[in-house]
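Notebook open, structure loaded. I'm jotting down what I look up as I go.

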Amino acid sequence: MKSKNRSTNIKKTFKRGLTLCGILSILLMLPAVFSTSSKAAGKYKTFDILSGSQKHTVNGSVISANHVNTAEMDLGGMPIQCEYYKLRVIRNKISTVITSRAYGPYITNGQIIYYSQLSKRSTTCTIYRYNLKNNSREKMAAGELARCYDFSGKYLIYGFHIDASPNGLLLNDTRSINISTKKSHKLSPILDRYIFKKYIVGQDYVPAGADDAIYSYRINGTGKKKIGTGYMICRKNGRIYYRQKKGSGKITIYSCKPDGSDTRTENRSSIPDKYSDYINW
């Protein structure tokens, strides 16, 4: 009896083991079946179109941007020129025109495209999320000269024009939007920005003759922190470089991490030549 029960238990254990192995095998296969489109397609890339024509291949999708025209528009009493272009995608040998009035950069991973579309009668732009698989689009945001900036994690970074400084520089209301929840996070009205994986470093505009305030934000809009005053010069090796002008006119160069930590004093030689003009701005 003892041997028989043991034999029966061994059979039950073996059978149970097979069942568990089968379940484990199925579970191991699930990530490949249910992987997100962004992971399957790869990382997002940002392409800034100024004029002329460009063509890029991203994960099997051939995306071309051809300059169409330059719209002469009035922006709060200030005449501006808005260049727009035709955005076309060839995927699986099928050619599709996404829009003929694309404005500013577009962002794509080969399956999804984020782009801004300029209206025909005003400077309002609408930002869309276009799915190349089923040729469907979804409105993400709209506003004055709205344009895409970058994509980080699950956040689309974009901005609206809000004002112009006395010297004609455009000031932008920079925001991030969680593409899963569609919740938008307002950052500071900033003149310029550097976008990292988890942080955005932005520069607030102040009247001429004074140094701008430089702030750090988490991508989700929280954790606003002033990291210094001055003028941002460049980003290099995961750090922000900025200059500060003292009352005597002496210029000091600093660098820090995107969260504002590890501030260091730098030499001019640490700034790449192409950014040297920004030191004395």
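This is a predicted model: local features need pLDDT of at least 70, side-chain atom pairs count only at pLDDT 80 or more; totals for chains, interfaces and linings use all residues.

Started with Tyr 217: at 3% relative accessibility I log Tyr 217 as buried, where buried means under 20% relative accessible area, exposed means over 50% and partly exposed is in between (1.4 Å probe, protein chains only). Residues are numbered from 1 along each chain as its sequence is written, and side-chain values use heavy atoms, with hydrogens and water left out.

**Rings**

I searched the whole structure for aromatic pairs and got ten. My cut-off: rings of Phe, Tyr and Trp (its six-membered ring) pair if their centres lie within 6.5 Å, and planes under 30 degrees apart are stacked, over 60 edge-to-face and the rest tilted. Tyr 215 and Tyr 217 make a tilted pair, 6.5 Å centre to centre with 45 degrees between the planes. Tyr 215 is buried too, at a relative accessible area of 17%. I also found Tyr 44, Tyr 114 and Phe 151 linked into a cluster by ring pairs.

Then I looked for charges over rings (NZ of Lys or CZ of Arg within 6 Å of the ring centre and within 35 degrees of the ring normal). The charged end of Lys 224 sits over the Tyr 215 ring, 4.5 Å from its centre. Arg 235 has its charged end over the ring of Phe 196, 4.0 Å from the centre.

**Strand β17**

Next stop was β17, residues 251–256. Strands here are DSSP runs (E, at least two residues), and helices are H or I runs of at least four, numbered from the N terminus. How many of its six residues are buried? Six of the six. Ile 251, Ile 253 and Ser 255 point one way, while Thr 252, Tyr 254 and Cys 256 point the other way.

I checked strand pairing as well (DSSP must find at least two bridges between the two strands). Strand β16 (residues 239–245) pairs antiparallel with β17 over six bridges, and Ile 240 has Cys 256 as its bridge partner. Strand β18 (residues 264–266) is joined to β17 by three bridges, also antiparallel; there Tyr 254 stands opposite Thr 265.

Arg 268 is in the segment after β18 and is partly exposed at 47% relative accessible area. Leaving out residues up to four places away in sequence, Arg 268 touches Ile 251, Ile 253, Ile 279 and Asn 280 (contact is heavy atoms within 4.5 Å).

**Thr 108**

I looked up Thr 108 in strand β5 (residues 94–108). Why do I call Thr 108 buried? Because its relative accessible area is 0%. Beyond neighbours within four places in sequence, its contacts include Lys 43, Tyr 44, Val 58 and Ile 113. A polar atom of the Thr 108 side chain lies 3.0 Å from the backbone nitrogen of Gly 110.

**Cysteines**

Last search: disulfides, meaning two cysteine sulfur atoms within 2.5 Å. I found zero in the whole structure. Cys 82 is in no disulfide, and the nearest cysteine sulfur, that of Cys 125, is 6.7 Å away. I have Cys 82 down as buried at 1% relative accessible area, and Cys 125 as buried at 0%.

Terms used: A polar contact is a pair of N or O atoms within 3.5 Å; within protein, one must be able to donate a hydrogen and the other to accept it, and residues adjacent in sequence count only if both atoms are side-chain atoms.
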